[in-house]
Amino acid sequence: MHTTVGIVGAGPAGLLLARLLHQAGIDSVVLEARDRDYVEQRQRAGILEQVTVDALRSAGAGARMDREGIVHHGIELRFDGRSHRVDFPGLADGRNVMVYAQTEMVKDLIALQLAEGGPLLFEAEVLAVEQPVDQPDGAPLNVRYHHQGREQILTCDWVVGCDGFHGVVKNAIPESLRRTYEREYPYSWLGILADAPPVYDELIYAHSDRGFALASMRSATVSRLYLQVPNGTDPADWPDDRIWDELDQRFALRGAPGWRLTRGPITAKAVLPMRSHVTEPMRHDRVLLAGDAAHIVPPTGAKGLNLAAADVIVLARALARLRRTGSTDLLDAYSDTCLQRVWRAEHFSHFMTTTLHKDPAQPPFDTRLQLSQLARIAASPHASAELAQNYVGVPIA
Ligand code: FAD
Ligand code: DHB
């Protein structure tokens, strides 16, 4: 099998890229290691930036999102027993975010791809991307993959690694040219889904003496909630009542002593480690990286999925321009264009994470600094605007 663009991975990056290329008249093949059900059910992100929402609409994948997604015009910060709302449109040029789960976005894109797009193979694990031996420079690349019990080859003019943090495509960039930047965090998140109405009609990011908590949602009847827990936590140590009791304490407001979250059955429970990571460059010759394959952010601030979408929007434009005009100028700029946005989001995610979480080794001095920073955001329109503009996402250059 031969294709113009071989896409490895059918997460948000790979699926959106395939759709955008299809619209530009560029053929592609998507190879995904896992089965369809696994890919569609994997619980992950829930907040779409304006740029992602606009891209899904113009890709023809926005109809259900516009029916079922919930537009949010702000977030609440809760700290020192009080709350402060950050208003997005007023502080970020009218931009907003949309609550629409990654699972739903992925289902919409898979359905479109199977109905109208090029091949999308599930249970097709890529083993390696290789330069063919004894072929002239510029000959198609070989993508070696395992599918239906045997090894097969897909030849491609371009290969895009949308294969997540543990992906294999980045190994096709020579190690001597790859630079990695990394940071790990001394805490994780325990994330739950519960059949309980959201605690509030916007998200609440809470700083507390007991650690961070986040109240998000999936619908008017389903809550998505996260609690900071120590690294290595076993979800089995967190029976449902313990989770609800802890959430009540972390979201407590001074002046509302009896306040409690509405409880309901917990339908999913998982521990998520946190990491910041960037691999540079994001392109080497005809191999490109997009999304988590090139960069990871800690989840505080909801940037991971949106960065993945932004990468492939930039890449689809560059490949469309090559096809239309023969010019590689946008492709040549791909890595630098994306990395500017990536580092902005790395900074913001790190800032949100370290401002809101409690490091187990944190001296009281650092806690006072965190509270001072949060008070500054509450008091200063400039500081709030900085947060709001980063949260709704910077426009693509
Ligand atoms: P992925 O979604 O990881 O997709 C990569 C795909 O490649 C996968 O389907 C994988 O099976 C496939 N693949 C891997 N190797 C191969 C191979 N060799 N051959 C073929 N296919 C392969 N972000 C937020 O903003 N908020 C959150 O709450 C949040 N929660 C998260 C929870 C978890 C557990 C994780 C891991 C991430 C979370 N993220 C969150 C981040 C967000 O989900 C990711 O940034 C987003 O999924 C990135 O999309 P992607 O397409 O780049 O990668
Ligand atoms: C969600 C996840 C996040 O990391 C975040 O900052 C906000 C919301 C969510 O899963 O809904």
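His-147 counts as buried at 11% relative accessibility, where buried means under 20% relative accessible area, exposed over 50% and partly exposed in between, with a 1.4 Å probe and protein chains only. This residue is found in strand β10 (residues 141–147), strands (E, at least two residues) and helices (H or I, at least four) being DSSP runs numbered from the N terminus. Leaving aside neighbours within four places in sequence, His-147 is in contact with Leu-121, Phe-122, Glu-123, Ala-124 and Gln-152, contact meaning heavy atoms within 4.5 Å.

The model is a predicted one, in which local features need pLDDT of at least 70 and side-chain atom pairs count only at pLDDT 80 or more, while totals for chains, interfaces and linings use all residues. Residues are numbered from 1 along each chain as its sequence is written, chains are lettered from A and ligands numbered from 1 in the order in which they are written, and side-chain values use heavy atoms, with hydrogens and water left out.

Ser-384, in helix α11 (residues 381–392), is in contact with His-84, Val-86, Leu-91 and Ile-377 when its neighbours within four places in sequence are left aside. Arg-368 has its place in helix α10, and its C-alpha atom is separated by 51 Å from that of Gly-6, 362 residues apart along the chain.

| Residue | Relative accessible area | Class |
|---|---|---|
| His-147 | 11% | buried |
| Ser-384 | 5% | buried |
| Arg-368 | 64% | exposed |

The largest nonpolar core has 75 residues, and those with the most contacts inside it are Leu-17, Leu-31 and Leu-48; such a core is a set of buried Ala, Val, Leu, Ile, Met, Phe, Trp, Tyr and Cys residues joined through side-chain atoms within 4.5 Å. Helix α8 (residues 304–325) supplies the largest share of this core, twelve residues. Apart from it lies another core, of 31 residues, among them Ile-47, Val-99, Leu-203 and Ala-383. Beyond its neighbours within four places in sequence, Leu-17 is in contact with residues including Val-312, Leu-315 and Ala-316.

Helix α8 also packs against helix α9 (residues 329–356), at an angle of about 165° and with the axes 9 Å apart; the axes are lines fitted to C-alpha atoms, for helices over the stretch in contact, and angles run from 0 to 180 degrees between N-to-C directions. That angle makes α8 roughly antiparallel to α9, since angles under 35 degrees count as roughly parallel, over 145 as roughly antiparallel, 65 to 115 as roughly perpendicular and the rest as oblique. Among the residues making the contact are Leu-307, Val-314 and Leu-322 of α8 and Leu-330, Tyr-334 and Val-342 of α9. By class, this contact of α8 with α9 has 13 nonpolar, one polar and five charged residues, where Ala, Val, Leu, Ile, Met, Phe, Trp, Tyr, Cys and Pro count as nonpolar, Asp, Glu, Lys and Arg as charged, and the others, Gly among them, as polar.

Helix α9 packs in turn with helix α10 (residues 364–379), at an angle of about 120° and with the axes 9 Å apart, and the two are therefore oblique to each other. Here Phe-351, Thr-354, Thr-355 and Leu-356 in α9 meet Gln-370, Gln-373, Leu-374 and Ile-377 in α10, a contact whose residues divide into four nonpolar, four polar and no charged.
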